[in-house]
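Reader: Before we discuss the terms used for this fold, could you show me the chain and then say what each term rests on?

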Amino acid sequence: MMQIPEKYSKYFNERQFWQKLKKLSGKLGSRMLYYLIVLYEMMKDKRIPVKTRLLFVAALGYFILPSDLVADFLPALGYTDDLAFLTYAMASATDYMTPEIREKARKKVDQLLKRKPEDEHKEED
């Protein structure tokens, strides 16, 4: 099992998170946006164990980090390490995910991608 990289949690900053998300929303794709927003929403949920929420914060901190294992500006490879970390965190999140969190994340993805609800893709399920 992957060890929780707690050191990345210190890089999480809500303002920087939303700035980077808005800036890159067209490049990241709806699935990665969905994962990021789900983890953000779940990180705030006090019903989830602290250790699990710390993993979410670390994954979001890693996403914000300008220099990580694979430089984000590299075409096709830039976000693969971020996606791997997000996927791991999402695997830990499934037991705690609620329909409300799913819906909130879908709406935010639509907003970031400037999609209308009727254009919504169900790929996040």
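Author: Helices (H or I, at least four residues) and strands (E, at least two) are DSSP runs, numbered from the N terminus. On that basis the elements of the chain run α-α-α-α-α from the N terminus on, with five helices and zero strands. This is a predicted model, in which local features need pLDDT of at least 70 and side-chain atom pairs count only at pLDDT 80 or more, while totals for chains, interfaces and linings use all residues. Residues are numbered from 1 along each chain as its sequence is written, and side-chain values use heavy atoms, with hydrogens and water left out.

Reader: Why is H1 called roughly antiparallel to H2?

Author: Axes are lines fitted to C-alpha atoms, for helices over the stretch in contact, and angles run from 0 to 180 degrees between N-to-C directions. The axes of H1 (residues 14-28) and H2 (residues 30-43) cross at roughly 160° and come within 9 Å. Angles under 35 degrees count as roughly parallel, over 145 as roughly antiparallel, 65 to 115 as roughly perpendicular and the rest as oblique, and H1 is therefore roughly antiparallel to H2.

Reader: What makes H2 oblique to H5?

Author: H2 and H5 (residues 99-112) pack at an angle of about 130°, with their axes 9 Å apart. That angle makes H2 oblique to H5.

Reader: Which residues in H2 and H5 meet?

Author: With contact meaning heavy atoms within 4.5 Å, Ser30, Leu33, Tyr34, Ile37, Val38, Glu41 and Met42 in H2 meet residues in H5 including Ile101, Arg102 and Leu112. The residues of this contact of H2 with H5 divide into nine nonpolar, one polar and five charged, where Ala, Val, Leu, Ile, Met, Phe, Trp, Tyr, Cys and Pro count as nonpolar, Asp, Glu, Lys and Arg as charged, and the others, Gly among them, as polar.

Reader: What makes a set of residues a nonpolar core, and how many residues has the largest?

Author: A nonpolar core is a set of buried Ala, Val, Leu, Ile, Met, Phe, Trp, Tyr and Cys residues joined through side-chain atoms within 4.5 Å, and buried means under 20% relative accessible area (exposed is over 50%, partly exposed in between; 1.4 Å probe, protein chains only). The largest such core has 39 residues, and those with the most contacts inside it are Phe17, Leu21, Leu36 and Leu39. H2 gives the most to this core, with eleven residues. Not counting residues up to four places away in sequence, Phe17 touches Phe12, Leu36, Tyr40, Leu60, Phe63 and Ile64.
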